[in-house]
Amino acid sequence: MQLIVRLLLRLAGVVLLCLSLAIGWVMLDAHRMIRAETAASAERVAHELENLFWREILWRGSMRRDKILPIPNWESLATLKLVSPGVCIMFAPGAETPRELCSQTEGVGAPEPQWFARLFDFLFGPPAPIERALTVRQPETGVVIARADPEAAVRQAWREISIVAGVAVFMAIGVSLLAALVIIHALAPTRVVIDGLRRLESGNYRHRIHTFTCGEFGLIARAVNDLAERLAQTTAERVALTKRLFEVQEEERRALARDLHDEFGQCLTATTAFAAAIEAGAQDRPDLAADARSIGKAARRMTATLREALARLRSQDLDELGLEACLVQLVAGWNAQTAPRAVVHLDLMGDLAAVPPSVSTSVFRIAQECLTNAMRHGRPHDVYLRVERLASNDGVVALTVEDDGGGDPTRIDVSAGHGLLGMRERVSAFGGSLEIGRAARGVCVAARIPLVAANANAAMGRKAA
């Protein structure tokens with residue numbers, strides 16, 4: 001839209017410039033026409049007086065030779081007809097006092113505005129008089145002087161400019177309107193292209209732009225459609241790769257949990273048993289019994305730490321117990337800690353039993369990460385975890401974690417932590433959304449995962465099998 005406005009403003013500037021040049025040219029042409037009319041009047045009057053002079057010389061041989069002019073009263077109607085409107089003629093036969101004959105000014109045109117009179121006088125000044133000898137054969141007969149009346153000259157210029165400028169203004173308005181319509185019609189596809197790009201920006205890669213008939217916009221539309229198709233393909237590949245990476249991650253976590261439980265856990269159990277046996281057999285060695293008790297305490301602390309690590313690593317309980325039971329265990333584990341920093345409240349709504357395993361794993365991991373961040377980065381007294389399955393759009397799992405720890409969501413959103421990045425990747429892998437905002441007294445994390453993508457992937461997996 002800004003492009004259309006800029007083009008229209010430039011068009012208006014060009015039209016105003018052309019109109020100003022046209023008005024200036026008309027003013028200059030009017031000034032030249034006034035001078036030409038003045039010169040023509042002088043030429044006609046001089047020619048007429050010359051004819052009168054020679055007729056009187058021929059008809060009345062010696063009459064008034066000393067006066068040069070044959071007819072004393074030359075200011076006649078016949079002479080006035082030869083003078084253009086608004087022009088004055090001055091002539092003095094011989095040594096007589098000059099006399100002036102002026103044509104009417106009212107017939108030149110309507111009175112001009114004062115600002116135009118001042119502008120015309122500023123640009124051209126008063127009209128210059130034009131002299132013409134009565135006859136070149138006897139220059140002493142006198143000179144005919146013609147000058148344009150200043151008021152009549154301005155009126156004539158105003159009349160010419162009014163006519164031409166009026167026509168030019170109407171033509172400029174008409175051309176501007178037609179050009180504006182042409183520009184708006186020609187640039188109308190830009191809105192469609194911008195809308196398509198906005199959809200691409202929001203992640204809607206299925207939208208396609210209608211191909212236009214005009215060449216340039218047609219090429220742009222095809223390029224945007226090709227880009228959308230390529231982005232859709234790339235996004236699908238990235239989502240599939242992300243899901244596979246999470247599956248591999250879960251498999252590695254299961255393998256690591258199994259190895260820790262089978263190897264490290266047995267070693268700690270054996271270490272605890274050996275320490276108890278040494279303590280029981282060293283009754284006569286208090287120092288050795290004390291060392292055995294210290295070893296037992298360290299082994300038990302390591303065993304407790306191992307259990308916590310196994311609880312974070314294991315996810316096979318989701319397949320055995322389901323999402324609801326695992327979330328209950330997760331919350332119970334936080335509340336069962338010695339001197340817990342906050343009380344975690346759990347609210348489960350909807351049928352979570354039918355949630356696909358891949359989505360259940362992601363929801364559990366997101367809830368686990370959110371609770372860990374709330375406890376680690378804030379000072380909450382209460383943390384509310386809510387998981388709900390919505391029936392709209394073929395099912396959506398909505399997870400919300402809200403605390404009263406007084407954190408800053410802007411700092412959390414721009415942090416470089418891997419936990420937040422992992423949550424975003426898990427949500428985006430299913431085409432969902434993750435928002436971090438401010439709660440009443442803390443931070444609120446809201447994730448929405450649609451089940452349509454997970455069901456489609458599961459169906460494709462069963463078909464491939």
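Accessible areas come from the Shrake-Rupley method with a 1.4 Å probe, and for residues only the protein chains shown count as cover. On that basis the protein exposes about 27900 Å², of which carbon and sulfur atoms supply 60%. The model is predicted: local features need pLDDT of at least 70 and side-chain atom pairs pLDDT 80 or more, while totals for chains, interfaces and linings use all residues. Residues are numbered from 1 along each chain as its sequence is written, and side-chain values use heavy atoms, without hydrogens and water.

**Overall composition**
- The protein has 13 helices and nine strands, taken as DSSP runs numbered from the N terminus (helices H or I, at least four residues; strands E, at least two).
- Of the 465 residues, 34% are buried (under 20% relative accessible area; exposed is over 50%, partly exposed in between; 1.4 Å probe, protein chains only).
- Among contacts (heavy atoms within 4.5 Å) with a separation of 6 or more, 67% join residues 24 or more positions apart.

- F122 lies in helix α3, residues 114-124, and is exposed at a relative accessible area of 69%.
- W115, L119, F122 and L123 form a nonpolar surface patch with about 470 Å² of accessible area together.
- Patch residues have over 30% relative accessible area and no salt bridge; nonpolar side chains (Val, Leu, Ile, Met, Phe, Trp, Tyr) are joined within 5 Å, like charges within 9 Å.
- A salt bridge is a side-chain nitrogen of Lys or Arg within 4 Å of a carboxyl oxygen of Asp or Glu.

**Packing of α3 and α4**
- The axes of α3 and helix α4 (residues 150-187) come within 10 Å and cross at roughly 105°.
- The two helices, α3 and α4, are therefore roughly perpendicular (65 to 115 degrees; under 35 is roughly parallel, over 145 roughly antiparallel, the rest oblique).
- W115, F116, A117 and F120 of α3 make the contact with V154, A157, W158 and I161 of α4.
- Axes are lines fitted to C-alpha atoms, for helices over the stretch in contact, with angles from 0 to 180 degrees between N-to-C directions.
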